[in-house]
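Student: I'd like to learn how to read a model like this one. Can we go through it together?

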Amino acid sequence: EEMKDIVKKIKLEKKKRDDDDDDVPDISEIVDTSDGGIRFKHLVTRINRFDLCLFQAMPCQLPEYMKYYDANEQFENVEKIRKISAKIKLEGSTITEKTRKDLNREVAALSTGVHQGFFKGILSNAGMFDATREFIDTAIKYDPDLGDDEIHKAGRNYWTCLALQLVICRTEVCFQPSIYGYSMLYPYTDDYIDDNNVSYEDKKNFNRKFRIWLRDGTYSYQYDKLLLSNELEEDDKDMDWVFEDIKPSSPLEEKVSYMIGQIESHWDRIH
């Protein structure tokens, strides 16, 4: 009965917003177009509207079947995750595939607050396990200094994207550079901005570059685009100084720029 009431509220909220904005097409009309692209802004508008309706219709408390974790339990779960991660690293190639999957399911359950059995079918049958393993292997290969906390922070975002693929696209998931890059931006940028040892001016300068990279493209993207535009004479091919102001100037900025580049390698920018 509670769920029926929630669904009714969602429909009422959705109808109210649809009446206010009739020019936004239905999702079924915008997934595929003649040029093979997606009218992305309209799709995002629809999804955001639905999510807002869902949020406003939800009760203020957790459902009875969901457990609330206090600060002590959260700390204990983090410690468990660290111990499991250390075990996987220590045993390395000697660990069996079955044991590795069981341990990864336990980490996923502890990270998301659900029982371990919840992930048994999803991880095995929908490609989640292989996609997650490739994500972790790729991240560590690129940045061997990544800690478990950073991997788990990025991993939570990565799992969310995979889950959206399952729900919206109804297809088996796989590793994609765009999802990898998007997820890795979280620990790299979040940890830097939260670091009290970094000055206000450094953070401000980083955010300025970060904003330009997201809006217009990374240094490499913009320079390559200029070269391909044929607007430069042969003698001007060394004009990389044009974008000197947005060049990465630290190892962290190199990593952030690289991750945005991973997204750019998978999705064309719309200008």
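Tutor: We'll start with confidence, then look at some helices.

Tutor: This is a predicted model, where local features need pLDDT of at least 70, side-chain atom pairs count only at pLDDT 80 or more, and totals for chains, interfaces and linings use all residues. Residues are numbered from 1 along each chain as its sequence is written, and side-chain values use heavy atoms, with hydrogens and water left out.

Student: What is the mean pLDDT of the protein?

Tutor: pLDDT is the predictor's confidence in each residue, from 0 to 100. Here the mean is 75, and 66% of residues reach 70 or more.

Student: Which elements have the lowest and highest mean pLDDT?

Tutor: Elements are DSSP runs numbered from the N terminus: helices are H or I, at least four residues, and strands are E, at least two. Helix 2 (residues 27-30) is lowest at 41, and helix 9 is highest at 93.

Student: Which residues of helix 9 are buried?

Tutor: Buried means under 20% relative accessible area (1.4 Å probe, protein chains only). In helix 9, the buried residues include Y180, L185 and Y188. In helix 7 (residues 128-142), F129 and F135 are among them.

Student: How many residues does helix 9 have, and how far does it reach?

Tutor: The expected span is 1.5 Å times one less than the number of residues. Helix 9 has 18 residues and reaches 26 Å from first C-alpha to last, close to the 26 Å expected.

Definitions and conventions. Buried < 20%, exposed > 50% of the residue type's maximum accessible area, 1.4 Å probe, protein only.
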